[in-house]
Amino acid sequence: MSSRRPLVALLSSTPFQGHRLYEQRLAAELACTHDVLFVQPPTAVWTKADGLRVRRPAVQAPEGITVVTPWVPPASRRRGLHHLNAPVVAATLLAAVHRDGRRPQALVSAQNVGRPLQAAARALRARTAFLVKDDYVAGAGLVGVPAERLRRGRDLSLALADEVVVVSPRLQRLCAASGRQAHLVPAGAQLSPAGTGEDLDLPAGPFAVFLGMVSDRIDLEGFRAVLEAGLDLVVVGPRQPTFTQDSTWADLVSHPRMHWIGPRAPQDVSAVLTRAAVGLMPYTPSDFNQASFPLKVLEYLAAGLPVVSTRLEALDWLDAPGVTVVDEIARNAGDFVKAAVEAAAASDPQAAAQRRNYAAGHSWSARGVRWREILSLDPAPGRS
């Protein structure tokens, strides 16, 4: 890290490497003006699949970002052991700050660290912001943690933070019901320069794309209906470890028009979006989904793609051009498929430009401006 720029600490709920989600993109934007200490979520020192992990090389990150990992005992999510996570995260943060020699101006946390983070923030005299990205209490089954534990951690973090930031209107209302006013700062739009895509084996004709994790949040019947209507589908992203529909997914993957290419580097994702005809978001009608703000919608629009989605409150709030919304697929599969096929067949450069222009107004640069305001950071002390 450069010693000439102010420091910001970001405690992430997802690892730095892999799929680039909210915290990774926020870190990249803040790193334009500040050095960022990126604290990964608590990570087990040993797992049956990977063996001893603590000896792995340090995570490589772009200039301006330093990544540190809080190492915790195996099975630290279990009852009786989970109390160790927050103190270890706070200790890892304090040790990293001590090594660096600078006091962070602000601490942003997407982790339910609670009192240990508050103690660390007081010791560092840093302003704190709690980032609420999802209603994890409603989605406890997706993350494999008891709902009551998640509720207690969330409520404590809400009470202790100086500021609260949420990504969707429903989360803003949830925080208000708990007595906290929250700033609404959704995900932004950002596409990396497209690679050649030569090794992606994409369909020759028009195809739909789904960008993101394959999980129980997705209504797989939306995928099936699109495939059976004769439209190729490219799925870019990993399978979530807690996914419970393996037999259905295996059946879909065997379909000749299905192309599951797994997680890909940002330039490959951009290459897929550049060649796709329509972006899909077939979500289930769960409370967890209704509280979310999918990053993919702005990525689709930034690539000029029309979007076909099931109804989400965040999309109603976004009110973006080129987004077709249908109610749940179980009752409206025909409408979902019709919209997807028609969008894939259409070719309207003017409409595509309108979608790109709309996404440009929701860039991560714009989100960074808002975050610096919330954290009372100098907007450009060392812009690179």
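Contact here means heavy atoms within 4.5 Å. The model shown is predicted.

View 1. Thr 310 is found in strand E16, residues 307-310. Its relative accessible area is 2%. Buried means under 20%, so Thr 310 is buried.

**View 2. An open sheet of 6 strands.** The order is E14-E13-E12-E15-E16-E17, and the pairing is parallel. Strand E14 (258-260) and strand E17 (323-326) stand at the edges. Each has a single partner strand, so one side of each is left without a neighbour in the sheet. On average, neighbouring strands are turned by 20° against each other, direction ignored. Inside the sheet, E12 and strand E13 (residues 232-236) pair in the parallel sense over 5 bridges. Leu 211 has Val 236 in E13 as its bridge partner.

**View 3. Helices on the sheet.** Helix H8 (residues 246-253) lies across E13 and E14. H8 runs at about 115° to E14. Helix H13 also packs on the sheet, where it touches strand E15 (278-281), E16 and E17. The direction of H13 makes about 175° with that of E16. Val 341 is found in H13, which spans residues 329-345. With a relative accessible area of 35%, Val 341 is partly exposed. Val 341 and Pro 206 are 135 residues apart in sequence. In space, their C-alpha atoms are 9.6 Å apart.

**View 4. Helix H11 against helix H14.** H11 covers residues 295-302, and H14 covers residues 349-360. The two helices pack at an angle of about 130°, with their axes 7 Å apart. That angle makes H11 oblique to H14. On the H11 side, the residues in contact are Leu 298, Leu 301 and Ala 302. They meet Arg 355, Arg 356, Tyr 358 and Ala 359 in H14. By class, this contact has 5 nonpolar, no polar and 2 charged residues. H11 is mostly covered, with 7 of its 8 residues buried. The buried residues are Leu 295, Lys 296, Val 297, Leu 298, Glu 299, Tyr 300 and Leu 301. Just after H11, Gly 304 takes a positive phi of about 85°.

**View 5. Tyr 22 and Trp 364, an aromatic pair.** A search of the whole structure finds 7 aromatic pairs. In this one, the ring centres of Tyr 22 and Trp 364 are 5.0 Å apart. Their planes stand at 85°, so the pair is edge-to-face. The pair links distant parts of the chain. Tyr 22 is in helix H1 (residues 22-30) and Trp 364 in helix H15 (residues 364-375), 342 residues apart. Tyr 22 is buried, with a relative accessible area of 3%. Trp 364 counts as buried at 3% relative accessibility.

View 6. Phe 210 lies in strand E12 (residues 207-211) and Phe 223 in helix H7 (residues 220-228). The pair therefore ties together parts that are 13 residues apart in sequence. Both Phe 210 and Phe 223 are buried. Together with Trp 249 and Trp 260, Phe 210 and Phe 223 form one aromatic cluster.

Technical notes
Residues are numbered from 1 along each chain as its sequence is written. This is a predicted model: local features need pLDDT of at least 70, side-chain atom pairs count only at pLDDT 80 or more; totals for chains, interfaces and linings use all residues. Side-chain values use heavy atoms; hydrogens and water are left out. Axes are lines fitted to C-alpha atoms, for helices over the stretch in contact, and angles run from 0 to 180 degrees between N-to-C directions. Helices (H or I, at least four residues) and strands (E, at least two) are DSSP runs, numbered from the N terminus. Angles under 35 degrees count as roughly parallel, over 145 as roughly antiparallel, 65 to 115 as roughly perpendicular and the rest as oblique. Ala, Val, Leu, Ile, Met, Phe, Trp, Tyr, Cys and Pro count as nonpolar, Asp, Glu, Lys and Arg as charged, and the others, Gly among them, as polar. Buried means under 20% relative accessible area, exposed over 50%, partly exposed in between (1.4 Å probe, protein chains only). Rings of Phe, Tyr and Trp (its six-membered ring) pair if their centres lie within 6.5 Å; planes under 30 degrees apart count as stacked, over 60 as edge-to-face and the rest as tilted. Two strands pair if DSSP finds at least two bridges between them.
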